[in-house]
Amino acid sequence: MSKSQVKFGTHEKFPLIRAPFARRGSVYYVYEDFYKHGQLKFGMAKHAEMISGTDFLFDIEFLANGIPVPYEYYADEGSIKLTHGYRWVEIAITDRQHLRVRGYEAGVRFTLNSSNGNGARALRGTRSLKDVGWETEFGKYGKLNFVPIVGSLHIESPYSYEKGVYERAEFEFIADAKTRTFDGAIHEYDGDELYPFGEYEPFDKLVADNKADFAEFKAKYRKVAKGYEQAADYAIYTVWSYRINPRGYIKSPAIMFSLQWAIVAASWQQSYNAMPMQRDLKEAWRQICLMFDYQDERTGRVDGMLAFTGAAASMQPPFQGFALEFILRNVGDDFISAEEAAKMYPKFARWVNYWTTYRNAGRGDDVTAIFSPHESGWDDASNFQDGFPANDPNNLTFLVLLMECVALLAKKAGDIAVSDEWYARANKLTQTIIDEFWDGEKFATMVKGKRVDSMSLADFQPIILGKRLPQHIIDKVAERVLAPGEWLTEIGLASESMKSPLVTFGISFVCGRVVAPQNMIIAVGLQAAGKQKEAEIIARLFCDNVKEKGMILGFAPYDHFPLTGEPAPDQPMPFATDGWPWTTWCANGFLTLASSVIDA
Amino acid sequence: MAYKPNLAETPFGRRDSRHMVVDQGGTLWLALASEAAPSLVPTAPRPAGLFEINALRDGKPLPYTYDADDATITISAADATIAITHDTATNALRFEAHNVTLRLDGKNPAGVSSTNKPNGTEVNIGGGKYFFIAPRGTISFDDTWVLASFGSVTPILDVAPDADGKVELIAYDLPADTVPPPVTKTFGECILQNKADFAAFSELLKDGLSDEVRYKIWLNSKKLANGHWCITPNRVISAATTAVQQAIASLAFKDGDASIDVLLSIPEASPPLHGYVAAKLLKSGASASGASRLALAKELERAKKWWDANRWYPGGYYYAYRFETGFDNPPDFRDNGYAPDAELAELVALHQTVIDALIDNSVDLSADIDLTKFVSDGLIAEILKEVK
């Protein structure tokens, strides 16, 4: 059996409290209860309910002679093993809508235990399907089928006619008396038939296949800088295990924000995920283009978030140009064929024109006015404190890069005249950003013609224009973001200057916390502008912290507010903006920094 | 034939429009029927009423009374009036006020994001999105963004009268990025159109239904993405509905095409009532087009095949799960029982009976299923009480 690339466990650096055990192509996950340490839980991302508020969650109980006993666990990319002395239980997840579970001198019980305090209410019935297994019905959560392959299955699901609910729902795999082992499967499905899964392969082969699948996925990424290899494995594991197969509304493999919390495939995050995949450019390109399968035919708008049941009514920034430009800068454009270019540039163009049409500021040019911070991606950034409509230079910057991508693709497709037009548009907008939005210290958002007096890190994001910017601007941005006592902290760049009275580490995203995407964007921008040393400082600070703390979206840099000295209020854990579960948004940011900025 | 709904119990509205006006505690509220949509994180539920409707004089709300029928609401306050009606062509609710400032007060900022735009005011509130334009009068609206709350301040829209004392406000319900269509009908023309639509719709319904049930069926009619009309059980709380509800709701129609359209709006689930309901329709002598009859036959065939493949056991048809019986807690049901159910067998058999009858246009219906046991309250239960 090949060596483990990632390790989670009772005695490992990272338990499964914030990172789930999961697998590419499956909606299943296993994690350790945040409040009851030592208790593993089993859930499913398919229904898109957070683990803090769902009726579909199971306690995993380890049984020795039928009695629940405490256990320890160890997990890698192949399987998770629970142990109690010499007894063990092992779970391996497949990409064919089922998991396998086996054990020696032990049993395992999956007990339905709602996180809403509703016990077994999600269960709506059980029945034997004779040769197939036990089908269990969970209403909106779909069905599970428990199949004993070796050993037997025992179900306890007493129904209270008085209350009209199941009082308990316990599904127990029991070892065969002779071999003292058991082996079973749990299938998930919605209709009348199991997903065609082939045959039950030998368990060890499944584990080996999972490891091989992970290794194959890992090969999509560049090597990271020395000292970050182990963290990179965790980051890649996060992305790999959150990558779901097409299902419901989602038509092609997509990478979820989270499996347990924000169970959506966020539009701009698909492009974030593409950026470090520089050893599989076909996949990187697919990731960047993925959201265009859902492009609105009438307007050209690209949905902000995909859930299994549909698109969430939202919009996210036009990030595709930034991601593609970064990849092109690193590896060139040979991987995009003329046919692909011809196919995609009209779609990219419609996406640009969506913004310059439906968010046009009414000046007769391509300057836009956005209507909510969600359209910028920075939900509570202080550059929006004066409200909306807002002329946001970050939106314009993304549009410049997207325009240039349209131009490049049009050129590859042989449409030179079209290409030239788009380059001209991009150049003109770049000049507008420089002339009108740079105030000498930062790029200021404008509301009703007035500059917003902000101390947000977002004010420096147009650095991603790189050497398109005059050197004095580049120098000033580099100087300001690294000035002590403002955005620079020991763990990376804070999203709001520590000198700002608006800083908060509470229920907040980008008004003080150190967050992955902003650190990545600013560092990549500085690198593009020729400020490699500065980029690397930021990258190392951020990545060093993530190495220790895990793939967490945002971190409070201090336990107090530097401006006033007051202690920052304790936040009850878990906490949404801390990225209670690990997120791919931190993982992909880390991978980009560690593979393409540090030691570049 | 004006019907006057009790707005404390039944909203003012019309079919296939999300706009509603409801009476909450004696004052009128603007509301939008909710549509389920995925979101990043769960949002807190809001009450049905989204904006309290007020008539202001010198900044102070005037007490008012109102009169509502199926096409319009007239609010009277001192010497002022506010009238409301639907403009179907533009998917808008229209207001006309005289001698008073019209105020729509959102009361609660949770989950609101608002923006004053060059051509109007957009308010995203509790899962609904309004776009307000005032062709007469002046809108005042504070759309201040509150960073820490990820939203705007409480939305309060005031429309002050023009020099002639007039206010006209259009409240659009529009998809994103849609230019508000100009209104082309007068207020009076809209009222007449709504009345005519209710009257025409009423003609499709069985004689003997009360005006109240007729209005509610019309109000709750919604066109689905598949092109079929369905009758939602409750317009205010939820737009969700089930196949069983549609089967029963289809009994309200004397027009065969309208009845089949509703019946087929949601694929048959369990219990399989489509055959029984369709048999009653045929027996009533209602005529239906060839296309309707073919669609009905196809659905019944599909459904019967499903029951034969998935719920037949030597001994008969069975329900696998409690909820399939149509009841949450049937006292005789046992898990894994595979118990043959005689009434279920009768219902499934009726599928073939109706398919055959559609060919020769005659049906022998001896079955008499008590449908009241499948619905306990709401509009669908009311329909069942009144249909003969």
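How much area is buried between chain A and chain B, and what percentage of it do carbon and sulfur atoms give? In this predicted model, the area buried between the two chains is about 3,200 Å², and carbon and sulfur atoms give 55% of it. Three residues of chain A, namely A:Arg127, A:Tyr161 and A:Phe371, supply 20% of the area that chain A buries against chain B, more than any other three residues.

**The interface of chains A and B**

Counted by residues, 52 of chain A are in contact with 33 of chain B. Across this interface there are 21 residue pairs in polar contact. Several elements of chain A each supply at least two residues of the side that touches chain B: the strands β12 (125-128), β13 (134-137), β23 (305-307) and β24 (310-312), together with helix α6 (338-358). The residues on that side of chain A divide into 27 nonpolar, 14 polar and 11 charged.

Two salt bridges are found across the interface of chain A and chain B. In one that involves both chains, B:Asp177 pairs with A:Arg359, and the closest N and O atoms are 3.2 Å apart.

**Salt bridges within the chains**

Over all chains, the structure holds 76 salt bridges.

| Pair | N to O distance |
|---|---|
| A:Lys163 and A:Glu167 | 3.5 Å |
| A:Arg247 and A:Asp190 | 3.8 Å |
| B:Glu343 and B:Lys373 | 2.8 Å |

In the pair of A:Lys163 and A:Glu167, A:Lys163 counts as exposed because its relative accessibility is 56%, whereas A:Glu167, at 44%, counts as partly exposed.

The salt bridge of A:Arg247 with A:Asp190 links distant parts of the chain, 57 residues apart. A:Arg247 is in the loop between β20 (243-244) and β21 (254-255) of chain A, and A:Asp190 is in the loop between β19 (181-189) and α1 (203-218) of chain A. Is A:Arg247 buried or exposed? With a relative accessible area of 15%, A:Arg247 is buried, since the cut-off for that class is under 20%.

In chain B, a salt bridge joins B:Glu343 and B:Lys373. B:Glu343 lies in helix α7 (residues 342-360) and B:Lys373 in the loop between α7 and α8 (378-386), so this pair ties together parts that are 30 residues apart in sequence. Both partners are partly exposed: the relative accessible area is 25% for B:Glu343 and 29% for B:Lys373.

Chain A also contains a network of salt bridges that links A:Arg23, A:Arg24, A:Asp95, A:Arg96, A:Arg100, A:Asp183, A:Glu201 and A:Asp213.

**Helix α11 of chain A**

Helix α11 of chain A spans residues 532-549, 18 residues in number. From its first C-alpha to its last it reaches 25 Å, close to the 26 Å expected at 1.5 Å a residue. Which residues of α11(A) are buried? They are A:Glu534, A:Ala535, A:Glu536, A:Ile538, A:Ala539, A:Phe542, A:Cys543, A:Asn545 and A:Val546. An α-helix has 3.6 residues a turn, so residues three or four places apart point the same way.

The cover over the buried residues of α11(A) includes the helices α9 (471-481), α10 (516-528) and α12 (584-596) of chain A, as well as the strands β28 (492-493), β29 (514-515) and β30 (554-555). After α11(A) comes A:Gly550, with a positive phi near 105°.

**Backbone features**

Most residues other than glycine have a negative phi, and most peptide bonds are trans. Where are the exceptions among the residues described here? The peptide bond from A:Phe388 to A:Pro389 is cis, with omega near 0°, and A:Pro389 is found in the loop between α6 and α7 (393-412) of chain A. In chain B, a cis peptide bond joins B:Ser270 and B:Pro271, with omega about -5°. B:Pro271 lies in the loop between α4 (256-263) and α5 (274-283) of chain B.

A:Asp599 is not a glycine, yet its phi is positive, about 60°. A:Asp599 lies in the segment after α12 of chain A and, at 49% relative accessibility, counts as partly exposed. B:Asn99 also has a positive phi, near 70°. This residue lies in the loop between β8 (92-98) and β9 (101-105) of chain B, and B:Asn99 counts as partly exposed at 30% relative accessibility.

Terms used: Residues are numbered from 1 along each chain as its sequence is written. Chains are lettered from A and ligands numbered from 1 in the order in which they are written. This is a predicted model: local features need pLDDT of at least 70, side-chain atom pairs count only at pLDDT 80 or more; totals for chains, interfaces and linings use all residues. Side-chain values use heavy atoms; hydrogens and water are left out. Helices (H or I, at least four residues) and strands (E, at least two) are DSSP runs, numbered from the N terminus. The expected span of a helix is 1.5 Å times one less than its number of residues. Buried means under 20% relative accessible area, exposed over 50%, partly exposed in between (1.4 Å probe, protein chains only). Contact means heavy atoms within 4.5 Å. Buried area is the accessible area (1.4 Å probe) that two parts lose on being put together, summed over both. A salt bridge is a side-chain nitrogen of Lys or Arg within 4 Å of a carboxyl oxygen of Asp or Glu. A polar contact is a pair of N or O atoms within 3.5 Å; within protein, one must be able to donate a hydrogen and the other to accept it, and residues adjacent in sequence count only if both atoms are side-chain atoms. Ala, Val, Leu, Ile, Met, Phe, Trp, Tyr, Cys and Pro count as nonpolar, Asp, Glu, Lys and Arg as charged, and the others, Gly among them, as polar.
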